[in-house]
Each structure stands twice: as C-alpha cells, then as structure tokens.
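Here is a short briefing on one protein chain. Keep the sequence and the 3D view side by side as you read.

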Amino acid sequence: MSLVAVEERNIIGHILFSDLLIETQRTVLHAVSLAPTAVLPDHQRQGIGSALVRRGLAVCRERGKSIVVVLGHPAYYRRFGFPAELSKNLGGPYAGDAWMALELIPGALAGVKGTAGPRRDRWSSGGAAEEITS
Ligand SMILES: CC(C)(COP(=O)(O)OP(=O)(O)OC[C@H]1O[C@@H](n2cnc3c(N)ncnc32)[C@H](O)[C@@H]1OP(=O)(O)O)[C@@H](O)C(=O)NCCC(=O)NCCS
C-alpha cells in the first residue's frame, strides 16, 4: 500500500507498506513492513511525514493487519509507538536498534520468535497510491 501527500497536485511525500512474513518454528505470521517514508526536503519538519505514518498505520488497522515492522531512525519512529523491545525476537538481515515492531492488535507478537522477510510472491510494481492532501 502506498500513500502520497499532495500539495497543489504535486507529490511532496510518500510512504510504502509491503507484505512481510514472520517465520517461526511452528507457523508463518503475516505482517507489514513500513519503508520507505520520504518527504521532499523543502517540505520537511511540517508534520507531513508524521501524517503519512499515522494515516498509514490507521489504514493497516482498518484492514485488519496485526504487526508492523520498520527499519528506521529509532528517535523518529518511537513517537508513533514502535518500541524496540518488540522486535528483539525477530531475526532478519536488519536486526538491531533501528529494527522496530508495533502491534496493531495487542499481543500479536507475544511469544513470537522468528525471522522476518519479504513476501516475494506479492512483489508488484502496480497499484495506485492513496492521496493525503497536506
Ligand atoms: C524522515 C522524514 C520522512 C520525516 O518527515 P517530516 O515530514 O520532516 O517529519 P515530521 O515533520 O512529521 O516530523 C519532524 C520531526 O522528525 C524528526 N526527524 C526527522 N528526521 C529524523 C531522523 N532522521 N531521526 C530522528 N528524528 C528525525 C525531526 O527532528 C522533527 O522532530 P521535532 O518534531 O521534534 O522537531 C524526512 O525527514 C525524510 O524524508 N528524510 C529523508 C528520507 C529518510 O530518511 N526517510 C526515513 C527512512 S526510514
């Protein structure tokens, strides 16, 4: 899912959410990966990035998604409720401080220990982006 921020018909910000699988010893969980978020330099620090993240998380909730994982600046994403502790048990190529997870359904990551990776069968270049007007 892509969201764009639009001002006077120009795209000034974008966020992408992709399908992600968390493989545990017993099962495979469906999660969402948040990346990237980008706002044009001369439109930064006006709340556009935050609006994209908040709206994106709200749409994920509306669609019944339970887990969102992000690789990003910890100081930035913590403000949206991404606690680093929740991703501790999620291995993968990016594991570390910048690897954070958020439960959209409380308890979705409780007891989960596994490896996160992209859902390759769903990669696609198609699909229209939803617009947020700034
Ligand atoms: C990160 C980014 C999307 C934020 O967009 P934005 O519209 O400027 O964000 P907002 O206006 O909603 O929030 C600004 C706040 O985020 C903080 N922030 C911005 N980039 C940050 C970073 N890399 N690390 C920590 N905090 C950051 C600002 O200091 C500001 O803090 P304040 O509210 O306390 O003043 C934007 O700076 C950007 O496009 N950066 C380049 C691409 C990038 O690094 N994307 C992130 C990939 S994970």
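Helices and strands here are DSSP runs, a helix having at least four residues and a strand at least two, and they are numbered from the N terminus. The model is predicted. The chain has two helices and eight strands.

**Overall picture**

- The chain has 134 residues, and 25% of them count as buried.
- Take the contacts in the chain with a separation of 6 or more: 65% of them link residues 24 or more positions apart.

**Around the ligand**

- Which residues come nearest to the ligand? Out of 15 residues around the ligand, they are Gln 44, Gly 49, Ser 50, Gly 72 and His 73.
- Three elements each give at least two residues to the shell around the ligand: strand S3 (28–39), helix H1 (48–62) and helix H2 (74–77).
- S3 gives the most to this shell, with four residues.
- By type, the shell around the ligand holds six nonpolar residues, eight polar residues and one charged residue.

**The largest nonpolar core**

- This core has 28 residues.
- Those touching the most other members are Ala 31, Val 32, Ile 67, Val 68, Val 69, Val 70 and Ala 101.
- Strands S1 (2–7), S2 (10–24), S3, S4 (67–71) and S6 (99–103) each give two or more residues to this core, and so does helix H1.
- H1 supplies the largest share of the core, five residues.
- Look at Val 68 in detail. Residues up to four places away in sequence aside, Val 68 touches Ala 31, Val 32, Leu 34, Leu 57, Cys 60, Ala 101, Leu 102 and Leu 104.

**Helix H1**

- How far apart are the end C-alpha atoms of H1? They are 21 Å apart. The helix has 15 residues, and at 1.5 Å a residue it should span 21 Å, so the two values agree.
- The buried residues in H1 are Ile 48, Leu 52, Val 53, Gly 56, Leu 57 and Cys 60.
- Why do the buried residues of H1 line one face of the helix? Seen down the axis, they fall within an arc of 165°, so they line one face.
- There is a general rule behind such patterns. An α-helix has 3.6 residues a turn, so residues three or four places apart point the same way.
- Now turn to the face of H1 that points away from its buried side. Ala 58 and Glu 62 are the exposed residues there.
- After H1 comes Gly 64, with a positive phi near 80°.

**Strand S3**

- Pro 36 is in strand S3. A cis peptide bond joins Ala 35 to Pro 36, with omega about -5°.
- Val 39 is also found in S3. Is Val 39 buried or exposed? A residue is buried if 20 or more other C-beta atoms lie within 10 Å of its own. Val 39 has 21 C-beta neighbours inside 10 Å, so it counts as buried.
- Neighbours within four places in sequence aside, Val 39 is in contact with Ile 12, Gly 13, Gln 44, Ile 48 and Gly 49.
- Val 39 and Leu 52 are 13 residues apart along the chain, and their C-alpha atoms are separated by 9.5 Å.

**The loop between S1 and S2**

- Glu 8 lies in this loop, and Arg 9 lies in this loop too.
- Glu 8 is not a glycine, yet its phi is positive, about 45°.
- Arg 9 is likewise a residue other than glycine, and its phi is positive, near 65°.
- Glu 8 has 7, so it is exposed. Arg 9 has 6, so it is exposed.

**The loop between S2 and S3**

- Arg 26 has its place in this loop.
- Arg 26 has 8 other C-beta atoms within 10 Å, so it is exposed.
- Arg 26 and Lys 113 are 87 residues apart along the chain. Their C-alpha atoms are separated by 9.8 Å.

How values were computed: Residues are numbered from 1 along each chain as its sequence is written. This is a predicted model: local features need pLDDT of at least 70, side-chain atom pairs count only at pLDDT 80 or more; totals for chains, interfaces and linings use all residues. A residue is near a molecule or strand if its C-beta atom, placed from the backbone, lies within 6 Å of it. Ala, Val, Leu, Ile, Met, Phe, Trp, Tyr, Cys and Pro count as nonpolar, Asp, Glu, Lys and Arg as charged, and the others, Gly among them, as polar. A nonpolar core is a set of buried Ala, Val, Leu, Ile, Met, Phe, Trp, Tyr and Cys residues joined through C-beta atoms within 7 Å. A residue is buried if 20 or more other C-beta atoms lie within 10 Å of its own, exposed if 12 or fewer, and partly exposed in between; C-beta atoms are placed from the backbone. Two residues are in contact if their C-beta atoms, placed from the backbone, lie within 7 Å. The expected span of a helix is 1.5 Å times one less than its number of residues. The arc is that of the directions from the helix axis to the C-beta atoms.
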